[in-house]
Amino acid sequence: MFTVGIITASDKGSQGLREDVSGALLRTLLEEAGYQVVTYEIVADEEEQLEASMIKMCDEDHVDLLVTTGGTGFSKRDVTPEATKKVITKETPGIVEAMRYYSLQITPRAMLSRAVAGIRNQTLIINLPGSPKAVKENLSFILPSLTHGLEIMIGSAKECGRK
């Protein structure tokens, strides 16, 4: 079972002014898929705070997967991708390319996503949109491939053989 951390980037959510529907949905979907959510935070759209939360979840909590929701758009306050780029050591662009490709079949606005994904130590970090609908669509599309990627990353699988 893989461990998961969830970060919701939301100014209003961090102040208790908005219910975190996307983070709660992420928790439900990941737990239904057999993942164990061990840490969850709502953080203001502040780059330094997002970085600190990501580093803590990766380096202290040692989660296998860290999923963020929110802060991937064009707003001045959307800084999740910038924070993620600062903490990762390897980019994994195929994940967000696949999400954008899939989402473009649903809405042309998918091209506006600035989400990134990458690895820090033994943690895979993936930015998801803030919309609950987009969270569900994107996560359902990438989830079947994540297990194998996580197994390779942590060393429990040795090869990427074909089936």
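**Close-up views of a predicted model**

View 1. A98 is partly exposed, its relative accessible area being 26%. In this predicted model, the residue belongs to helix α5, which comprises residues 93-104. The C-alpha atom of A98 lies 7.6 Å from that of I142, although 44 residues separate the two along the chain.

**View 2. The stacked aromatic pair of Y102 and F141.** Two aromatic pairs are found in a search of the whole structure. One of them is formed by Y102 and F141, whose rings are stacked, with 4.4 Å between the centres and 10 degrees between the planes. The pair connects distant parts of the chain, since Y102 lies in helix α5 and F141 in helix α6, 39 residues apart. Y102 has a relative accessible area of 26% and is therefore partly exposed, as this value falls between the limits of 20% and 50%. F141, at 35% relative accessibility, is likewise classed as partly exposed.

View 3. Six strands form an open sheet with mixed pairing, in the order β2-β1-β3-β6-β5-β4. Its edge strands, β2 (36-43) and β4 (90-91), each pair on one side only. Helix α6, residues 132-154, packs on the sheet and touches β3 (65-69), β5 and β6 (123-128). The directions of helix α6 and β6 make an angle of about 170 degrees.

View 4. Strand β5 spans residues 117-120 and pairs with β4 in the antiparallel sense over two bridges. K90 has I119 of β5 as its bridge partner, while the partner of E91 in β5 is G118. Strands of a sheet pair through backbone hydrogen bonds, in either a parallel or an antiparallel arrangement.

View 5. β5 and β6 pair in the antiparallel sense over four bridges. In this pairing, I119 stands opposite L124 of β6; I119 is also the bridge partner of K90. Two residues lie between the strands of the hairpin, and N121 adopts a positive phi near 55 degrees.

Conventions
Residues are numbered from 1 along each chain as its sequence is written. This is a predicted model: local features need pLDDT of at least 70, side-chain atom pairs count only at pLDDT 80 or more; totals for chains, interfaces and linings use all residues. Side-chain values use heavy atoms; hydrogens and water are left out. Buried means under 20% relative accessible area, exposed over 50%, partly exposed in between (1.4 Å probe, protein chains only). Two strands pair if DSSP finds at least two bridges between them. Contact means heavy atoms within 4.5 Å. Axes are lines fitted to C-alpha atoms, for helices over the stretch in contact, and angles run from 0 to 180 degrees between N-to-C directions. Rings of Phe, Tyr and Trp (its six-membered ring) pair if their centres lie within 6.5 Å; planes under 30 degrees apart count as stacked, over 60 as edge-to-face and the rest as tilted.
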